[in-house]
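Hi everyone, thanks for coming. Please take a look at the structure on the screen, and then I'll walk you through a few of its details.

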Amino acid sequence: MEPKRFKTVCKPLLLTGLTLCVVLVPEPAAAIVIHADPEVIVENGTTGVLRCTFKSSEVVSGASSVTWRFQSSDPDSPFHKAPYSIFYFSAGRGFPGPEEFKDRVQFIGDINKRDVSIQLSPAHFSDNGTYFCDVKNPPDIEGTQARTELRVVLKESLPQANTAIILGAVCGVLVLLVLIVVAACVIMRVIHNRHDYEGCTSLESESSRAPQPRKKAESSREGSKCTSPSGPLQGPVIYAQLDHSGSKNSFHKMEPVVYADIRKN
């Protein structure tokens with residue numbers, strides 16, 4: 001009987017304990033993710049933009065807030081010891097901080113689009129330091145604030161990365177054009193030489209054929225020269241060639257042949 005009685009008493013106690021744990025233990029808050037540019041370089045006297053965005057699982061509401069803090073890198077600056085709040089944004093309104101930033105800080109983001117960027121205009125050398133961006137979007141309030149290193153420099157000290165990239169691209173295009181032109185010239189020269197070679201072979205073949213009748217003519221002339229007697233010239237001599245075959249039509253087959261014999265007197 002006792003074991004059964006023990007079970008009946010323990011079951012309600014266990015259920016009550018589990019219920020109290022579920023009710024009293026708070027749910028862990030979701031972490032908000034904040035992102036900012038690690039480094040920003042700005043020319044002195046110009047506008048510097050400090051970008052900051054965040055990701056949250058909760059809907060942005062009027063309770064969402066943004067805080068920008070600044071810690072100077074100059075040991076003599078009053079903002080060097082600890083980060084000071086220079087701008088606060090909540091319920092659609094911005095609240096500037098100290099006089100050094102009051103008229104120069106402007107909110108340029110859109111919190112509904114998770115963008116809480118600001119700008120400094122104009123930027124001074126005294127603005128060199130670290131800027132911290134912190135966002136709260138209740139109940140999503142836990143997260144690590146983002147930080148940006150701002151460097152205000154002279155115009156001559158600005159990085160020339162873009163100029164180098166542009167110059168490299170232009171040089172690459174010029175080299176490519178030169179290679180294309182050289183290749184085209186080589187191809188045209190090869191084609192031209194091939195046409196010249198074909199023309200030469202055709203001319204050689206024609207010239208090899210042309211002298212043949214000339215040789216015959218020369219041989220006939222040489223034969224005539226060789227056979228001609230060296231005696232005195234005589235007038236033309238007419239010879240008659242008769243057909244001695246004895247056929248009936250032998251008379252009609254007689255063909256006169258005239259030989260001209262020119263001799264020296």
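I'll talk about the disulfide, then some backbone features, and then the aromatic rings.

First, a word on the source. This is a predicted model, in which local features need pLDDT of at least 70 and side-chain atom pairs count only at pLDDT 80 or more, while totals for chains, interfaces and linings use all residues. Residues are numbered from 1 along each chain as its sequence is written, and side-chain values use heavy atoms, with hydrogens and water left out.

Let's start with the cysteines. A disulfide is a covalent bond between the sulfur atoms of two cysteines; here the term is used for a pair of cysteine sulfur atoms within 2.5 Å. How many disulfides does the structure hold? There is 1, and it joins C52 to C133, with 2.1 Å from S to S. The torsion about the S-S bond of C52 and C133 is about -85°, so this disulfide is left-handed. C52 lies in strand β4 (residues 52-55) and C133 in strand β10 (residues 129-136), so the pair ties together parts that are 81 residues apart in sequence. Helices (H or I, at least four residues) and strands (E, at least two) are DSSP runs, numbered from the N terminus.

Are these two cysteines buried or exposed? Both C52 and C133 are buried. Buried means under 20% relative accessible area, exposed means over 50%, and partly exposed is in between, with a 1.4 Å probe and protein chains only. C171, with a relative accessible area of 47%, is partly exposed.

S117 sits in the loop between β8 and β9, and it is buried, at 2% relative accessible area. Leaving aside neighbours within four places in sequence, S117 touches several residues, including L50, R51, C52 and W68.

Now for the backbone. Most residues other than glycine have a negative phi, and most peptide bonds are trans.

A91 is not a glycine, yet its phi is positive, about 55°. You'll find A91 in the loop between β6 (84-90) and β7 (93-96), and at 57% relative accessibility it counts as exposed. R114 is not a glycine either, and it has a positive phi of about 65°. R114 belongs to the loop between β8 (105-107) and β9, and it is partly exposed, with a relative accessible area of 25%.

Where are the cis peptide bonds I want to show you? One runs from S121 to P122, with omega near -5°, and P122 is in the loop between β9 (118-120) and β10. Another joins P138 and P139, with omega about 0°; P139 is in the loop between β10 and β11 (146-153).

Last stop, the aromatic rings. The structure holds 8 aromatic pairs. Rings of Phe, Tyr and Trp (its six-membered ring) pair if their centres lie within 6.5 Å; planes under 30 degrees apart count as stacked, over 60 as edge-to-face and the rest as tilted. One of the pairs is F70 with F101, which is edge-to-face, at 5.3 Å centre to centre and 65° between the planes. That pair links distant parts of the chain, 31 residues apart, with F70 in strand β5 (residues 65-72) and F101 in helix α2 (residues 99-102). F70 is buried at 1% relative accessible area, and F101 is buried at 1% as well. Finally, F70, F79, Y84, F101 and Y131 form one aromatic cluster.

Conventions. Contact means heavy atoms within 4.5 Å.
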